[in-house]
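Hi,

Here is the structure I promised to pass on to you. Have it open in your viewer while you read, and my notes on what turned up follow below.

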Amino acid sequence: MASLPATPPAERPKGKASWRFEETSAPCEWAEDYRPGVYHPVNLGNTFHDGAYRVLRKLGYGSYSTVWLAVDTRNLKYVSLKIMIASASTTNTELDILEHLSKRAAKDPNSRHLTVLLDTFIHEGPNGKHRCLVFEPMGTSAASLVRQLPENQPALFGKRQRYPKWMAKNILLHCLRGLAFLHTNGVAHGDVQPGNLLFAINDINSAKENELKQNETDTEVHLRRIDGKKDKWTPTNLYLRQSLHEYVGRGPDLCVKLSDLGSAFWSANPPKDTLTPLALRAPELILHQPIDSSIDIWSFGCLMFEFLMGRTLFACEDTDDEHLSQLNDVIGPLPDFIMDAWPRARKWYDADCNPLQPDEDEGEPFIYDSLENLFADTKPEGIDDEESTVVCSLIKRILDYNPSKRPSAAELLKHPWFTD
């Protein structure tokens with residue numbers, strides 16, 4: 001009989017020589033992250049919280065959690081079960097914020113644009129103690145649904161995939177409402193991005209389990225240990241995510257909600273950094289300066305361009321210096337307080353703010369198009385020149401280099417572009 005395998009180390013393996021599992025190319029979480037301190041191994045049909053929740057389907061995963069569609073066996077309805085990694089369970093900031101917001105949700109109609117906590121509990125497994133959060137089930141994210149819209153089919157190479165104007169405007173409006181609710185209650189989201197904007201779904205509680213359970217045939221990823229032994233730290237199989245996109249209401253009743261407060265923080269006690277995607281970072285994040293809830297407003301301004309145009313406003317695969325250079329060209333000249341805080345500013349610009357070439361072998365410095373030129377390049381259908389001017393002016397107002405001068409979410413909700 002083969003001996004039992006040793007407990008995996010808490011640290012990620014540094015090379016293939018220390019991998020436990022044969023490599024897969026499946027787009028799901030990495031099998032090696034099923035180890036102490038990280039993911040809890042979930043198998044379809046598993047129950048949680050003394051049988052209160054039974055797992056049917058995998059909705060998604062992230063760096064800090066896996067998310068599942070489950071049956072609430074007590075109330076006979078479907079819920080979303082978010083199982084945090086064990087090492088994240090030691091911090092209660094997200095839970096404290098969710099409970100704080102839940103108490104205030106009934107008095108604020110904007111709260112309907114934030115996923116509200118239904119239940120929470122601790123589950124102990126082979127990889128540690130995991131905080132579990134229960135929410136209403138949601139559909140796919142704004143990052144994903146755009147690829148499934150009929151107008152974006154077929155998905156041809158080079159074809160820009162974007163939302164129709166009415167849909168983009170609704171996504172942005174609902175995002176603003178969610179931010180207004182958060183900010184009014186002293187909370188910053190910290191990770192406003194398309195993947196954290198979820199579409200609400202039609203009521204599925206009358207649907208049978210067979211209609212909603214995981215399609216194992218097309219989504220099952222078999223795991224095999226290299227040494228052939230059984231592994232109690234990992235599920236029997238991994239599964240590709242299966243969102244509930246087919247249940248999303250896409251008509252006039254479309255509703256979008258801000259989700260995932262894993263990076264949220266109290267406005268009065270901000271962290272030094274956040275997990276905001278690179279291209280959506282405000283200047284103060286790039287320069288590692290103090291932050292507040294206005295970083296959410298900056299991200300929102302970038303998303304206005306992204307949802308309307310079907311491309312990111314800033315391309316930041318390179319360096320922070322390149323990002324700051326793009327800000328200068330796209331939005332407008334960087335003010336003195338940013339140039340003074342940028343350690344390598346004089347490699348990129350002279351004393352009169354004329355662009356330099358930081359790499360002497362690369363020829364003339366590259367200058368990016370302005371926001372107005374980028375918007376005019378492939379203007380969305382249904383937006384004329386007059387409206388383009390309004391939108392670009394609004395985006396520039398939002399993307400103010402001075403955090404204290406950015407408009408609040410509540411102020412933006414009163415802007416004519418959102419009220420018309």
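This is a predicted model: local features need pLDDT of at least 70, side-chain atom pairs count only at pLDDT 80 or more; totals for chains, interfaces and linings use all residues.

Where they meet, 19 residues of domain 1 are in contact with 20 residues of domain 2.

**The core**

Which residues of the largest nonpolar core touch the most other members? They are Tyr163, Phe199, Phe300 and Met304, out of 109 residues in that core. Domain 1 and domain 2 both give residues to this core, so it lies between them. There is also a second, separate core of 13 residues, and Phe48, Tyr53, Val55 and Phe121 are among its members.

Leaving aside neighbours within four places in sequence, tyrosine 163 is in contact with Ser141, Ala142, Leu145, Val146, Leu149, Ala168, Ile171, Phe199 and Phe307.

**The six-stranded sheet**

Next, find the open sheet of six strands, which pair in the antiparallel sense in the order S1-S2-S3-S4-S6-S5. Strand S1 (47-48) and strand S5 (117-125) are the edge strands; each has a single partner strand, so one side of each has no neighbour in the sheet.

- S1 and S2 are antiparallel partners, with two bridges between them. Threonine 47 has arginine 54 in S2 as its bridge partner.
- Strand S2 (residues 53-61) pairs with strand S3 (residues 65-72), again in the antiparallel sense, over seven bridges. Tyrosine 53 is opposite aspartate 72 in S3, and glycine 60 is opposite valine 67 in S3.
- The link from S2 to S3 is a hairpin of three residues.

Is S2 mostly covered or mostly uncovered? Mostly covered, as seven of its nine residues are buried.

Helix H1 (residues 93-104) lies across strand S4 (77-84), S5 and strand S6 (128-135). Helix H1 runs at about 155° to S5.

Most residues other than glycine have a negative phi.

Histidine 49 is in the loop between S1 and S2. The hairpin of these two strands has four residues between the strands, and histidine 49 takes a positive phi near 55° there. Its relative accessible area is 29%, so histidine 49 is partly exposed.

Leucine 76 sits in the loop between S3 and S4. The phi of leucine 76 is also positive, near 55°, and leucine 76 is not a glycine either. With a relative accessible area of 67%, leucine 76 is exposed.

Where is arginine 406 found? It is in the loop between helix H12 (385-398) and helix H13 (409-412). What does its side chain make a polar contact with? The side chain of glutamate 284, at 2.7 Å. A polar atom of the arginine 406 side chain also lies 2.8 Å from the backbone oxygen of aspartate 400. Not counting residues up to four places away in sequence, arginine 406 touches Ala282, Pro283, Glu284, Ser294, Ile295, Ile297, Trp298, Ile398, Asp400 and Tyr401.

Leucine 280 is in a loop as well, between strand S12 (265-266) and helix H6 (283-286). It counts as buried because its relative accessibility is 5%. Residues up to four places away in sequence aside, leucine 280 touches Val192, Gln193, Pro194, Trp298, Ser299, Cys302, Leu303 and Glu306. Leucine 280 and alanine 410 are 130 residues apart in sequence, and 21 Å apart in space from C-alpha to C-alpha.

Happy viewing!

Note on methods. Residues are numbered from 1 along each chain as its sequence is written. Side-chain values use heavy atoms; hydrogens and water are left out. Two strands pair if DSSP finds at least two bridges between them. Contact means heavy atoms within 4.5 Å. Axes are lines fitted to C-alpha atoms, for helices over the stretch in contact, and angles run from 0 to 180 degrees between N-to-C directions. A nonpolar core is a set of buried Ala, Val, Leu, Ile, Met, Phe, Trp, Tyr and Cys residues joined through side-chain atoms within 4.5 Å. Buried means under 20% relative accessible area, exposed over 50%, partly exposed in between (1.4 Å probe, protein chains only). Domain bounds come from an automatic or database domain assignment. A polar contact is a pair of N or O atoms within 3.5 Å; within protein, one must be able to donate a hydrogen and the other to accept it, and residues adjacent in sequence count only if both atoms are side-chain atoms.
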